[in-house]
Amino acid sequence: MCKRLCSFLQLHNVLYSYQFGFRKYHCTTFALIEVINGIYQHLDNDEYTIGIYLDLQKAIDTVNHDGLLYKLHNYGIRGIVYQWFKNYLSDRKQFISLPGVSSEIRSVSMGVPQGLLFLLYVNDIHQAVLDAKVKLFADDTNLF
């Protein structure tokens with residue numbers, strides 16, 4: 001399903017272009033080059049550059065499932081595939097197992113087990129800041 005979702009997102013150019021986390025052909029090196037180029041452009045214009053760095057604590061663990069499903073639908077994930085994701089996120093359970101001992105089984109009502117779903121959840125965060133190119137690497141956000 002991950003490969004199918006990635007293909008769909010690429011075909012329809014859904015993901016924010018400055019999101020460098022959990023994506024094929026995107027990496028920290030490209031993110032760094034993008035940031036440095038932007039800083040040099042402003043310095044060449046005798047402008048100051050200020051960087052703001054945000055790290056969302058436990059971001060992947062706090063994804064709201066209803067909000068994610070809403071966004072999946074808005075990005076064109078519909079029909080059987082939408083129902084598949086809805087089922088995948090509903091009534092999740094987890095436990096920890098180590099040799100000789102296991103924890104209790106607990107319900108999971110928030111969070112996602114996979115990076116691509118998180119990217120879709122935060123995909124529109126750049127729209128909150130209209131006059132800047134927000135750079136993202138998964139849950140790390142840079143604003144210059």
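Predicted model: local features only at pLDDT ≥ 70, side-chain atom pairs only at ≥ 80, totals over all residues.
View 1. Leaving aside residues up to four places away in sequence, K71 touches L120, Y121 and D124. K71 is found in helix α3. Its relative accessible area is 17%, and the cut-off for buried is under 20%, so K71 counts as buried.

**View 2. Packing of helix α3 against helix α5.** Helix α3 covers residues 65-74 and helix α5 covers residues 115-122. Their axes are 9 Å apart and meet at an angle of about 80 degrees. Angles of 65 to 115 degrees count as roughly perpendicular, and α3 and α5 are therefore roughly perpendicular to each other. On the α3 side, the contact is made by G67, L68, K71 and L72. On the α5 side, L117, L120 and Y121 take part. By residue class, the contact of α3 with α5 contains five nonpolar residues, one polar and one charged.

**View 3. D139, a buried residue with no salt bridge.** D139 lies in the loop between β6 (135-137) and β7 (140-143). Which side chain of opposite charge is nearest to D139? That side chain is K58, and it is 10 Å away. A salt bridge requires a side-chain nitrogen of Lys or Arg within 4 Å of a carboxyl oxygen of Asp or Glu. Not counting residues up to four places away in sequence, D139 touches L54, D55, L56, A59 and F118.

Definitions and conventions. Residues numbered from 1 in each chain as written. Heavy atoms only, no water. Axes fitted to C-alpha atoms, helices over the stretch in contact; angles between N-to-C directions. Helix = DSSP H or I, 4+ residues; strand = E, 2+ residues; numbered from the N terminus. Parallel < 35°, antiparallel > 145°, perpendicular 65-115°, else oblique. Contact = heavy atoms within 4.5 Å. Nonpolar A, V, L, I, M, F, W, Y, C, P; charged D, E, K, R; others polar. Buried < 20%, exposed > 50% of the residue type's maximum accessible area, 1.4 Å probe, protein only. Lys, Arg positive; Asp, Glu negative; His and termini not counted.
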